Amino acid sequence: MRKSHPVRRAVLATAATVSGIVLLLSLKPASDPGAAEAAGGAVPPAAAQSPQGGSQPIGDGTVTGDASSTEYGAVQVRLTVSGGKITKAEAVQAPKGGQSDQVTSNSVPKLNQAAVETQSAEIDAVSGATFTSAGYKKSLQSALDKARAAAGPPDSSSGAGGGDAGEAQARTVTGDAAQTQYGPVQVRITVSGGKVTQAEAVQAPKGGQSDQVTSDSVPKLNQAAVEAGSAEIDSVSGATYTSAGYKQSLQSALDKAGG
């Protein structure tokens, strides 16, 4: 028998080894997420997570969270909910006096906006307002918890007689902006059961001394509007122009609300 040449044997052995490696590589399981899921593996975290707040609804209406004490004063948040969503958030209490006035006027509007945008208490703290932000989020979570408790079980909203509950839902109306010597004033009210349940100034004079005047007068005007249920409220001392603009815009809102 003819003997194989040593070089030929080496070539054949090398070729066999390479072929074996190629075959093994071709049999390696796929590592993409789709293949892992098909094989019964773990679903990627992004697909496994559900939205925060999930199926737990929040009841319509106005709800005020518990006051949260901070190093600089209490923070308390009130929410207006319509259609199961937060339509308005406001701080009915916030730190005031001295530097706190500036911190509050800068941070609270941002926190209010964030609460409406995120529909949760998972909002970012405002730079320079760490304590106010923490108190706001705590009271906001309290308000959300109360709203969810008021909503009851998810199925309870579709029973007979639901029409009466719908008619009792709060309505939010914004009056026309009233121009004053120091800037516009615009009032938004919430009406439920034919009564003003909440009032707020969505625009008010700001900048310089106006910040102090606004932070002092607007909460008093808001409270007076709710108590009176009309635009027949007293002006706040030291805030004549702001008070006049507030009452003008408040009357506009009342007219739009039908009362």
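Here is a tour of some aromatic rings and a hairpin. The model is predicted, so keep in mind that local features need pLDDT of at least 70 and side-chain atom pairs count only at pLDDT 80 or more, while totals for chains, interfaces and linings use all residues. Residues are numbered from 1 along each chain as its sequence is written, and side-chain values use heavy atoms, with hydrogens and water left out.

**Stop 1: aromatic pairs.** Rings of Phe, Tyr and Trp (its six-membered ring) pair if their centres lie within 6.5 Å; planes under 30 degrees apart are stacked, over 60 edge-to-face, and the rest tilted. That rule gives two aromatic pairs here.

Select Tyr72 and Phe131: their ring centres are 5.5 Å apart and the planes sit at 70°, so this pair is edge-to-face. Tyr72 is in the loop between strand 2 (68-70) and strand 3 (73-82), and Phe131 is in helix 5 (residues 130-151), 59 residues apart. Helices (H or I, at least four residues) and strands (E, at least two) are DSSP runs, numbered from the N terminus.

Now select Tyr182 and Tyr241. Their planes are at 70° with centres 5.5 Å apart, so they are edge-to-face. Tyr182 lies in the loop between strand 5 (171-174) and strand 6 (186-192), whereas Tyr241 belongs to helix 8 (residues 240-257).

Stop 2: Show strand 6 and strand 7 (residues 195-203), which pair antiparallel over seven bridges; pairing takes at least two DSSP bridges. Click Thr190, and you'll find its bridge partner Gln198 in strand 7. Two residues lie between the strands, and Gly193 in this hairpin has a positive phi near 60°.
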